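This report describes how the parts of one protein model are arranged and joined. Please keep the structure in view while reading.

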Amino acid sequence: MSGCPRRQVSQPDQRVTLVFKHAQHPRYAFLTELIQRFEAENPGIRVREEILPASTDEQHQFYVINLAARAADFDVLDMDVIWVPEFARAGWLMELTPGVTEIERAPLFPAALRADWLEEKLYAVPWFVDAGVLYYRKDLLDQHGFLPPQTYPELLETARSILAAERDPKLTGFIWQGKQYEGLVCSALEFIRGNGGDLLREGGRPALTEPPTLEALQFMSDMVRRYDVTPPLVTTLNEEASRHIFQSGRAIFMRNWPYAWPLMQQPGSRVAGRIGMTLVPHFPGHTSRPTLGGFHVGVNARSTHKKEALAFVRFLLRYDVQKQILLKVGVLPAHRQVYDDAEVRQKLPQISELLRSLQQVEPRPATPYYMMISHILQPELSAVVAGIRPPKQAMRSAELQIEHLLGLL
Amino acid sequence: MRASFRERLGRFGLLGPAVAYVASVAVMPVVFTLWLSLRKQMPIFGISQFVGLQNYLFLMRDARFWGAVGHTGYFVLVAVTLELTLGLAIALLLHQKFPGRGLARALVLIPWAVPSVVAARFWEWTLNADFGVLNFLLGTRINWLGDPFWAMHAAILADVWKTTPFMVLLLLAGLQVIPEHLYRAARIDGANSWQAFRHITLPLLKPIILLALLFRTMDAARVFDLIYVLTGGGPGNQTETLVIYAYNLLYRTLQFGYGSSVAVATFFFIVLLSLAYLRELRRTWQMRE
């Protein structure tokens with residue numbers, strides 16, 4: 001009996017340590033609180049957070065290098081929605097179909113979940129979502145007697161009237177993400193889909209040279225060169241550069257993600273209390289189609305702690321955890337019912353507007369070749385925005401490259 | 001006999017670790033990349049097969065690749081020429097005696113000591129079309145990083161700022177070993193400063209100039225971080241260089257086979273440029289002997 005204590009001392013070391021790789025999301029320090037709760041509920045598991053580099057390109061690169069080399073030293077992966085089909089197709093993710101139950105999946109936004117399925121199998125789940133939104137200067141619109149625009153022609157008319165009346169050389173009309181990078185694809189997709197077009201047809205063939213797509217792109221280009229509503233420097237704007245311009249009061253409209261709202265409303269911001277948020281515009285006869293963003297979690301197929309990793313993934317989907325993800329971490333939960341929560345509605349009045357966007361959200365094409373398609377599209381879209389090539393020529397070139405890539409030629 | 005064999009064995013034994021190290025970090029990756037470039041390797045599709053020269057055949061008619069070759073060539077040509085001209089002028093200036101010369105020499109080096117990514121961020125803000133200092137100082141509204149014409153030149157400007165000090169450093173070292181008595185003799189013969197520069201400084205500095213050009217050309221031909229941060233290759237791929245294209249293929253789209261062929265092509269592009277310099281350099285040395 002007296003010889004036993006030694007064994008008891010070594011007991012805590014038998015806990016399984018999970019490694020959770022995640023990106024530096026806004027206020028991600030609060031994730032630690034959630035993780036502590038998980039550890040308290042599951043005494044046998046410890047979760048170690050490992051933070052990825054700041055840029056999504058570097059995060060993707062990290063995963064690709066390590067997963068291709070069959071690394072097993074991390075268990076749970078935090079992934080941008082656009083990488084999920086790619087990683088699943090490569091066989092790098094554990095199948096979650098029986099592990100995450102139907103009941104747990106049901107309340108998640110269907111558009112977000114769509115990217116997680118490959119050949120009837122589930123490989124990841126969204127833990128937070130994102131949707132493109134249109135920000136507007138409420139004060140300027142009120143002052144000049146305009147309602148928030150629903151269509152692009154309305155936006156154009158509103159912007160031109162206000163610009164003409166204000167006569168402020170520093171004020172511009174409408175800014176969006178026009179630099180040659182992934183954000184440009186997100187912006188352009190909202191124009192294209194808002195006109196009934198798309199990147200790929202059913203069956204995965206490119207649909208880039210169809211009239212709705214070309215018209216939408218022509219309109220993007222015209223806003224810069226013909227209508228003078230979007231400044232030429234849009235070709236250098238990413239999310240933060242756009243926010244900087246809008247927040248310093250020098251744009252009437254901006255397309256961006258919801259993260260910008262609390263930042264622009266905080267004390268010290270020049271536009272605090274003077275802005276509104278609504279659905280991204282569409283063309284007459286069509287509907288608003290915001291681009292879906294957000295991050296998903298999956299389990300490394302080579303993980304040696306799959307059971308525990310699955311428990312952690314399921315924990316992140318729970319209603320109470322999802323609510324904390326919204327209130328503490330400050331990103332939009334994937335759980336639909338959190339948006340109806342009384343406490344949430346009271347603390348975050350803008351949530352109903354965001355829910356409206358999320359209900360119309362459309363993911364980027366959920367195909368394993370998405371990264372390649374985007375890599376081909378980015379320079380061609382950029383060429384359209386910068387006025388180097390007209391839409392038809394640029395999209396014809398992109399279509400040829402994509403068809404070559406997919407082996408369709 | 002026996003002892004000498006053991007001695008030789010001992011010598012090779014001592015070299016062993018160094019050879020193994022160089023082989024594993026320098027030779028192996030190159031060989032591996034060469035091997036990869038002969039394969040179609042796309043893990044997403046589960047494709048991994050030997051395709052021989054197919055990647056290189058596609059490379060020959062890949063417009064994006066030739067665009068990148070053009071952008072890289074233009075960048076190297078303009079940036080290195082400017083760096084040499086400016087570097088030589090500054091080196092000559094810093095070679096003169098004047099009060100505060102030591103401080104001036106130290107200050108000139110600062111841009112070179114700044115890490116590339118930091119320098120790129122700094123230029124990203126300076127060149128910002130909206131609130132950048134450069135437009136403010138010039139009183140212009142040029143879209144430096146977003147205009148198809150200006151973007152490449154803005155990148156060149158940033159590179160010249162960053163690496164001219166390196167030229168200065170090498171050329172200054174070269175100037176210091178030119179014997180002073182040659183200039184004195186020239187002055188006695190009635191040569192003016194231009195003639196002294198043309199017939200003494202330049203010929204004696206030539207090997208150093210060639211060496212500096214070699215270093216800078218190799219470096220500029222594989223430019224990546226600066227442009228990647230400034231423009232990401234845009235607008236409309238106008239600033240996409242060979243290494244950025246290879247990076248996009250390899251890490252953003254996981255085309256390991258084709259991406260490796262672009263990397264190998266870049267490697268040979270740089271080797272070719274270097275060989276041209278090395279031939280000239282050898283000629284200069286032979287002439288001296």
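In strand E12 of chain A, Pro333(A) is the bridge partner of Phe128(A). Helices (H or I, at least four residues) and strands (E, at least two) are DSSP runs, numbered from the N terminus, and two strands pair if DSSP finds at least two bridges between them. Helix H3 (residues 56-68) of chain A packs on the sheet and touches E1, strand E3 (76-80) and strand E11 (292-299) of chain A. The direction of H3 makes about 135° with that of E3(A). Helix H16 (residues 351-359) of chain A also packs on the sheet, where it touches E6 and E12 of chain A, and its direction makes about 105° with that of E6(A). Contact means heavy atoms within 4.5 Å; axes are lines fitted to C-alpha atoms, for helices over the stretch in contact, and angles run from 0 to 180 degrees between N-to-C directions.

The model is predicted: local features need pLDDT of at least 70 and side-chain atom pairs count only at pLDDT 80 or more, whereas totals for chains, interfaces and linings use all residues. Residues are numbered from 1 along each chain as its sequence is written, chains are lettered from A and ligands numbered from 1 in the order in which they are written, and side-chain values use heavy atoms, with hydrogens and water left out.

The sheet is open, with six strands of chain A in the order E2-E1-E3-E11-E6-E12 and mixed pairing. Its edge strands are E2 and strand E12 (332-333) of chain A, each of which pairs on one side only. Strand E1 (residues 16-22) and strand E2 (residues 45-51) of chain A pair in the parallel sense over seven bridges, and Leu18(A) stands opposite Val47(A) in E2(A). By contrast, strand E6 (residues 125-131) of chain A pairs with E12(A) in the antiparallel sense over two bridges.

## The four-stranded sheet

Another open sheet has four strands of chain A in the order E8-E9-E7-E10, again with mixed pairing. Strand E8 (172-175) and strand E10 (275-278) of chain A stand at the edges with a single partner strand each, so one side of each is left without a neighbour in the sheet. Three bridges join E8(A) to strand E9 (residues 251-256) of chain A, and the two run parallel. Met254(A) in E9(A) is the bridge partner of Ile175(A).

## Domains and chains

The domain assignment, which is automatic or from a database, gives chain A a domain 1 (16-130 + 292-359) and a domain 2 (133-289 + 369-408).

Chain A and chain B bury about 2,900 Å² between them, 58% of it on carbon and sulfur atoms. In chain A, Gln180(A), Met372(A) and His375(A) lose the most area to chain B, together 21% of what that side buries.

## Salt bridges

A salt bridge is a side-chain nitrogen of Lys or Arg within 4 Å of a carboxyl oxygen of Asp or Glu. The count between chain A and chain B is two; Asp130(B) forms a salt bridge with Arg250(A), the closest N and O atoms being 2.6 Å apart.

How values were computed. Buried area is the accessible area (1.4 Å probe) that two parts lose on being put together, summed over both.
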